[in-house]
Amino acid sequence: MKKSPFIPVLFVLALLLGTVGCKKILDLLTFQINDSSTFQLPATGPLPIGTAGPVIALPGVTVNSTANSTYQNNNTAADYVKDVTLDRLALTVTDPAGQNFDFVKSISISIASDAAGTNKVPLASLNPVPTGQTTIELTPSGQKLDTYLRSGSYTLFTTVEMTQLGLSKATTVRADSRFNVKADPK
């Protein structure tokens with residue numbers, strides 16, 4: 001029986017096409033959701049020397065997420081989401097001009113699916129906060145966040161430990177988050 005020289009070539013081509021096809025399917029089911037929100041830190045005034053900075057727990061801020069439109073753009077839906085994790089959370093001082101994060105010793109942000117915070121879990125934190133920065137990047141907690149990104153909104157709860165400097169003016173901070181999502185197609 002004579003062997004065809006094309007059989008090994010066809011086998012390699014089939015293997016290559018199978019690998020590329022699987023990679024393409026994985027790409028279709030892995031994408032990112034980018035959300036942005038703002039919150040305000042109240043003025044505290046300077047603190048007396050030797051006084052520890054106060055810990056301020058801010059009320060929850062509801063974020064209208066881009067999740068549903070992102071799911072639709074990726075041919076899936078919230079019901080098909082398998083795995084959501086926080087990839088990045090950056091905070092930027094937007095007002096007043098020239099303000100930096102020197103008034104913050106540490107910061108932590110939690111996420112909940114409702115404004116009451118009934119199922120709140122840690123999202124990201126940073127301790128210590130570096131001085132002289134107008135933008136800081138928090139460390140993700142590694143929590144699985146599927147539940148929180150299934151609806152059109154979620155709530156962020158921020159806790160800030162202030163430095164002794166305090167704040168002379170209320171300060172507005174923008175939170176930009178990026179979530180990694182894995183989902184099945186519709």
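Predicted model: local features only at pLDDT ≥ 70, side-chain atom pairs only at ≥ 80, totals over all residues.

Modeller: Happy to! A residue is called partly exposed when its relative accessible area falls between the buried limit, under 20%, and the exposed limit, over 50%.

E161 and K105 form a salt bridge whose closest N and O atoms are 3.7 Å apart. This pair links distant parts of the chain, with E161 in strand 8 (residues 153–162) and K105 in strand 5 (residues 104–112), 56 residues apart.

Strand 4 takes us to two further pairs. In one of them, K82 and D184 form a salt bridge, with 3.2 Å between the closest N and O atoms. K82 lies in strand 4 (residues 81–95) and D184 in the segment after strand 9 (171–183), so this bridge ties together parts 102 residues apart in sequence. K82 is partly exposed at 46%, and D184 is partly exposed at 31%.

In the other, the side chains of R88 and E137 meet at 3.1 Å, N to O. Because R88 sits in strand 4 and E137 in strand 7 (residues 135–140), the pair ties together parts that are 49 residues apart in sequence. R88 has a relative accessible area of 28% and is partly exposed; E137, at 45%, is partly exposed as well.

Finally, K144, D146 and R150 are linked in a network of salt bridges. The count for the model comes to seven salt bridges.

Definitions and conventions. Residues numbered from 1 in each chain as written. Heavy atoms only, no water. Salt bridge = Lys/Arg side-chain N within 4 Å of Asp/Glu carboxyl O. Helix = DSSP H or I, 4+ residues; strand = E, 2+ residues; numbered from the N terminus. Buried < 20%, exposed > 50% of the residue type's maximum accessible area, 1.4 Å probe, protein only.
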